[in-house]
Amino acid sequence: MSFNHKEVGELVPAAGDIKEIVGLRWKDRSAAVNDQCLRSAFCSVLAESAVLPPSERLIMYDACEGEIKESLGSFNRKRLDPRRNTKPKKPDAQLLVCTPFDPDVFNFGKISNPGEKLLTLNLNSGVYQLLTNKFPLFPKHMLLVATEFVPQQLSLSHLIAISEFIRATAFCAYFNSWCASASVNHFHCHIIDERPPVTNLPLVPGAIVDGVRCLKPKGYPGFCYVFPSCDAARIHFLVVAMQEDNQPHNLLCTPQHIYLFPKPLTRPARSFELYPETVGGPELLGSFTVYRDEDFRRLKLEHILELIAINTAPLPARLLQESADLEKLALEEDTSPEGPAATEGEPVDDVSVPPCDLSLSSTSLVKSTPLFDPPPLPLSKSITPPAARRVATSAGMAAAAMRALVFEHDIAQWAAHVTPPPTVGLAMRLGGASRALQVGVGLGIEDGLGAEYVMGNAGAH
């Protein structure tokens, strides 16, 4: 059986009524054409695999056919799928998030069947390949893989590539860091033809992260920080901080937003009692898969809420608070129509996101977020924030105090393993100069890139 490989910009799969498109980069094509290209590529290999013996299949099964699933609440589901129990287990010895690439163990460059390579994508930040996923968990579940032999670490160029790829489709992507459910230490992320259950939750103003208010899914029981999908520099800054602290993490990228899920380094013992599998990207996105009927019947909504709470953790503390000396600063509650109280509960994902240039050259960065990808980080260490990020202005000090209060509030909710209440009404409006200070000093990017998410304007877009 022969499986055909396609290269984007040359010939789109011939199935259906897709037209040939020459000379267009992925981001320049319509989402409808890209979606059909992805779906056709997946379905073609799935159909060819279905008539082969299991040992020769590139995709073992369609995740949506034969599954048993049940919705649990508004943003979770449990699935029974014994077929996935044949998937090889993950390596046990995962201690460092920034484990170097090892050419002697399996990597995607060792794939022997060229049919596993569905597409080659020339993206702004590099060349990537779209591969089959032999044991899918989601509809049209595939892998976006770096052609370079680099470890499973989310660099700036990888983040830009994922966002560029997803923003030109109706698909989503999720990423598992090493120590957070990744099984191959060669950079890859998961591409799925679904808005996972967590996106059912409306986005409301969340914590203040390094001086900028992010969003969060309303009612989500764990830690989740949401940013616009074109905010690659800011998100990479946070990822680097987690890598420095050896903090595992998962990430979800939709065409509009990127959801960041920090995790504890060690899986809580309680997690094994509630769920037989590792809680990784799919679970934090709201999809829990088990392989035995007794596990399926036993898993309840309250277990899932607790699993999410204990398998997420705050971002590094230095991103959420500055100094205990600032705790005494008075904070003014913002009750204006533009503030959090007026936007809470309204879905943000349905609002169109303005176009943005995702090329590396268009991203304004500072030393903490270099233009080119740095080498793999050394062992975990504590990094003191640069003095420039401690500029003693009234706006910066007030924002730092607010971060401390929000951080303490979130920690209390996490420890209690309960669903966080609606966001507290702590916000303060910043003028143009102070907004520029927060964005420019706190994040090292130009004023205006994601500035609509600062403080009281968190729900505007």
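This is a predicted model: local features need pLDDT of at least 70, side-chain atom pairs count only at pLDDT 80 or more; totals for chains, interfaces and linings use all residues.

Modeller: A salt bridge is a side-chain nitrogen of Lys or Arg within 4 Å of a carboxyl oxygen of Asp or Glu. Side chains of opposite charge can pair when their charged atoms come close. Residues are numbered from 1 along each chain as its sequence is written, and side-chain values use heavy atoms, with hydrogens and water left out.

Let us begin with the sheet itself. Helices (H or I, at least four residues) and strands (E, at least two) are DSSP runs, numbered from the N terminus. Two strands pair if DSSP finds at least two bridges between them. Three strands, in the order 2-3-14, form an open sheet with mixed pairing. Strand 2 (68–71) and strand 14 (287–290) stand at the edges with a single partner strand each, so one side of each is left without a neighbour in the sheet. From one strand to the next, the twist averages 20 degrees; for such angles, axes are lines fitted to C-alpha atoms, for helices over the stretch in contact, and the angles run from 0 to 180 degrees between N-to-C directions.

The two pairings may now be taken in turn. Strand 2 and strand 3 (residues 77–80) are paired in the antiparallel sense, over four bridges. They form a hairpin with five residues between them, and G73 in the turn has a positive phi of about 75 degrees. Strand 3 and strand 14, by contrast, pair in the parallel sense over four bridges. R77 of strand 3 takes part on both sides: S71 stands opposite R77, and R77 stands opposite S287 in strand 14.

Where do the side chains of strand 3 point? R77 and R79 point one way, K78 and L80 point the other way, and all are buried. Buried means under 20% relative accessible area, exposed over 50%, and partly exposed in between (1.4 Å probe, protein chains only). R79 counts as buried because its relative accessibility is 0%.

R79 also leads us back to the salt bridges. The side chains of E67 and R79 meet in one, at 2.6 Å from N to O. E67 lies in the loop between helix 1 and strand 2 and R79 lies in strand 3, so the pair ties together parts that are 12 residues apart in sequence. A further salt bridge joins R83 and D81, whose closest N and O atoms are 2.8 Å apart. The two partners may be compared by their accessibility. D81 is buried, with a relative accessible area of 1%, whereas R83, at 26% relative accessibility, counts as partly exposed. E67, K69, R79, D81 and R83 are linked in a network of salt bridges. By the rule given above, the count comes to 17 salt bridges.

What follows strand 14 may be considered next. R292 has its place in the loop between strand 14 and helix 6. At 44% relative accessibility, R292 counts as partly exposed. The C-alpha atoms of R292 and P82 are separated by 6.4 Å, although these residues are 210 residues apart along the chain. In helix 6 (residues 293–298), D293 and R297 are four residues apart, and are therefore separated by about one helical turn. An α-helix has 3.6 residues a turn, so residues three or four places apart point the same way. D293 forms a salt bridge with R297, the closest N and O atoms being 2.7 Å apart. D293 counts as partly exposed, at 38% relative accessibility.

Finally, we may turn to helix 1 (residues 31–50). The expected span of a helix is 1.5 Å times one less than its number of residues. For the 20 residues of helix 1 this should give 28 Å, and its end C-alpha atoms are 28 Å apart, which agrees. The buried residues of helix 1 include C37, L38, F42, V45 and L46. C37 counts as buried at 1% relative accessibility.
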